[in-house]
Amino acid sequence: MSDDTQRDAPDTADSDASGRFELRDHTADVAVAATADSLGGVFAAVADGLTAAMCEEIPDGGDRFDLRVRAESPEAALFDYLDQCIYERDVRAVLPSDHRATVRSDGDGWLVEASARGIPLADVVARDVKAVTYSEMELAETDGGWRAYVVFDV
Amino acid sequence: MTDTPETREYDGIELRKVREFVWEIPKEGGMNAPARVLASDALLEQISDDKTLQQLRNATHLPGITTYAACMPDGHQGYGFPVGGVGATDAGDGCISPGAVGYDINCGVRMLRTNLTYDDLRGSEEELVESLFANVPSGLGGGGIVEGDADTVEAVLERGMEWALEEGYATEDDLAHCEDEGRRPDARPEFVSQKAKDRGRNQLGSLGSGNHFLEVQRVTDVFDEAVADSFGLKEDQIVVLIHCGSRGLGHQVCTDYLRKIEQRHGDLLDRLPDKELAAAPAGSELADEYYGAMCAAINFAWVNRQLITHRTRRVFERVFRADADELEMELLYDVAHNIAKKEVHEVGVDADGDAVPAEDAIAHEARELYVHRKGATRAFPAGREEVPAAYRDVGQPVIIPGSMGAGSYVLVGGDESLSQTFGSTAHGAGRVMSRTAAKQEYWGETVQNELRDQDHIYVKAQSGATVAEEAPGVYKDIDEVVRVSDALGIGDKVARTFPVCNIKG
């Protein structure tokens with residue numbers, strides 16, 4: 001996900017080597033369904049879906065920045081990670097894209113160590129996504145890896 | 001012989017017809033009260049097409065839910081609590097639910113009057129829409145009208161529109177024509193996180209995107225001359241409608257408290273069918289902190305709309321070469337449609353003292369309730385002390401924004417609203433098509449061209465995708481929504497407006 005060419009962000013795309021997301025219908029808001037081989041991969045794939053919900057054409061440029069959150073459960077970690085992406089967007093004035101994440105349990109909870117490429121909002125046509133929600137949230141291990149479903153408030 | 005009530009079933013949820021436009025989901029299982037849907041047959045078919053009914057039924061699981069949870073005629077699926085939902089919970093032994101308020105705390109609408117007529121404006125549409133778009137920040141990362149430092153944000157959270165008045169962004173008259181005079185006295189900025197304040201600093205005075213907009217409109221129909229006269233409305237008059245909320249600050253307040261409630265009141269959360277309904281027990285520390293933080297975010301939203309008002313006045317002055325006072329650009333009203341408020345209502349009770357619908361009540365008791373309105377508008381009739389003095393004898397103005405192709409309505413709080421909906425009615429047209437489907441169905445530029453060429457509506461947006469997502473065809477028929485509100489007497493028709501210029505993120 002770090003190629004140097006400008007590319008479209010369609011409703012379905014690879015997130016990393018294994019991650020994929022799909023934007024799903026929701027009457028007022030937008031939902032992201034994602035799969036990946038790993039827990040970190042599915043977190044990043046949902047975040048890529050969040051980016052796609054805000055912007056159709058993702059340009060080059062911007063600097064990578066790190067995110068780190070810790071929460072009491074994998075679901076809470078996913079919620080907090082996506083909330084942090086939205087917070088960083090507003091405070092840094094960048095569109096976080098090309099997400100990478102690792103997730104592990106460290107005894108005190110679930111630790112997400114992630115990064116994103118922050119494209120200055122001045123360089124992109126993007127729309128607001130207000131917040132991540134718990135509504136209908138699903139995070140489950142599958143035979144082939146992990147799947148997630150997250151509804152965002154638009 | 002007793003008539004068997006008409007029933008309908010949608011995805012295993014049975015509705016019983018109470019009377020014209022009123023349907024009830026009977027109390028069963030873990031429900032703490034029944035639920036009611038206020039809709040015509042046509043609207044009910046749309047409401048039942050997604051998860052609205054399931055979410056409404058889930059909302060009745062909230063502790064202390066009083067009489068019933070209600071879905072307004074424009075209701076549709078949201079997250080946790082449906083959009084168009086009204087839930088009154090007991091402020092003594094019930095709960096308060098951030099999910100039943102929504103992320104965009106005090107998302108709402110205000111209408112400005114002018115003394116311009118449509119003829120005065122014709123020929124200036126393009127200049128006006130371009131100037132409004134250039135001067136009112138919209139979209140993502142557009143900044144705000146005020147670059148708020150930490151002290152500014154604190155003052156806004158604490159004092160709301162009183163701050164705007166002190167800083168020269170508002171008039172005394174603006175405050176007199178705003179819900180709560182633009183200030184929630186229960187605001188507690190110390191319970192708003194630094195993270196939320198950080199997000200608010202560069203968004204003070206901005207529309208955002210999604211369904212938020214600023215629209216110049218003309219009054220096309222007056223249905224109630226006497227009330228319209230009280231509201232200062234007449235046919236052919238130009239008005240301005242502003243629809244936005246508390247921006248990232250309010251969104252973060254909701255997010256923060258959902259997580260705090262999850263961590264501290266997991267036992268209550270485990271009893272609720274949807275995690276997004278997260279609620280803090282009334283009287284708990286978190287309930288009080290959330291209420292204080294939410295009231296502070298309400299103040300922030302009022303200032304947000306006020307700053308846009310201030311900038312809009314400057315734009316009109318330039319375009320029409322007249323002072324805003326000369327143009328009589330006065331605030332008609334500003335009303336929230338994502339909010340929870342402590343209000344005292346006369347609740348119908350049965351012989352056991354349990355809350356029951358008005359038609360089953362043998363007595364009434366005054367009870368203090370948290371009235372959650374998520375995508376629903378307060379619609380108090382004449383007489384309620386909360387209605388500003390300017391309208392206390394006629395009733396509260398209710399502004400119902402429609403799509404950018406269908407127009408909007410001004411209603412007045414109806415006499416039946418207190419007994420039927422805890423003083424509430426609809427908040428808009430309500431979506432019927434998802435954003436992803438809308439982008440497949442419509443192309444932004446085509447929508448803009450058609451609106452301009454066919455309806456003389458000038459639309460300018462940061463993103464063509466936003467125009468497609470908000471195309472007139474993705475919304476319910478606002479005429480039908482208002483017809484039901486009017487027929488039920490919860491919000492009565494006063495006037496209708498039609499778009500002239502529209503800007504959005």
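The contact between the two chains takes 36 residues from chain B and 29 residues from chain A; two residues are in contact if their C-beta atoms, placed from the backbone, lie within 7 Å. On the side of chain B that touches chain A, β5 (69-79), α8 (194-201), α10 (247-264), α14 and α16 (464-469) each give two or more residues. The largest share, 5 residues, comes from α10(B). This side divides into 8 nonpolar, 18 polar and 10 charged residues. Ala, Val, Leu, Ile, Met, Phe, Trp, Tyr, Cys and Pro count as nonpolar, Asp, Glu, Lys and Arg as charged, and the others, Gly among them, as polar.

The model is predicted: local features need pLDDT of at least 70, side-chain atom pairs count only at pLDDT 80 or more, and totals for chains, interfaces and linings use all residues. Residues are numbered from 1 along each chain as its sequence is written, and chains are lettered from A and ligands numbered from 1 in the order in which they are written.

Chain B comprises 17 helices and 20 strands, taken as DSSP runs (helices H or I, at least four residues; strands E, at least two) numbered from the N terminus. Its C-alpha atoms fill a box of roughly 65 × 55 × 50 Å along the principal axes. Of the 505 residues in chain B, 63% are buried, that is, with 20 or more other C-beta atoms within 10 Å of their own.

UniProt, in an unreviewed entry, places an "active site" at B:H427; such annotations may be inferred rather than shown by experiment. B:H427 lies in the loop between β18 (424-425) and α14 (435-441) of chain B. It counts as buried because it has 30 C-beta neighbours inside 10 Å. Beyond four places in sequence, its contacts are B:D74, B:G84, B:H337, B:G375, B:A376, B:T377 and B:I400.

Terms used
A residue is buried if 20 or more other C-beta atoms lie within 10 Å of its own, exposed if 12 or fewer, and partly exposed in between; C-beta atoms are placed from the backbone.
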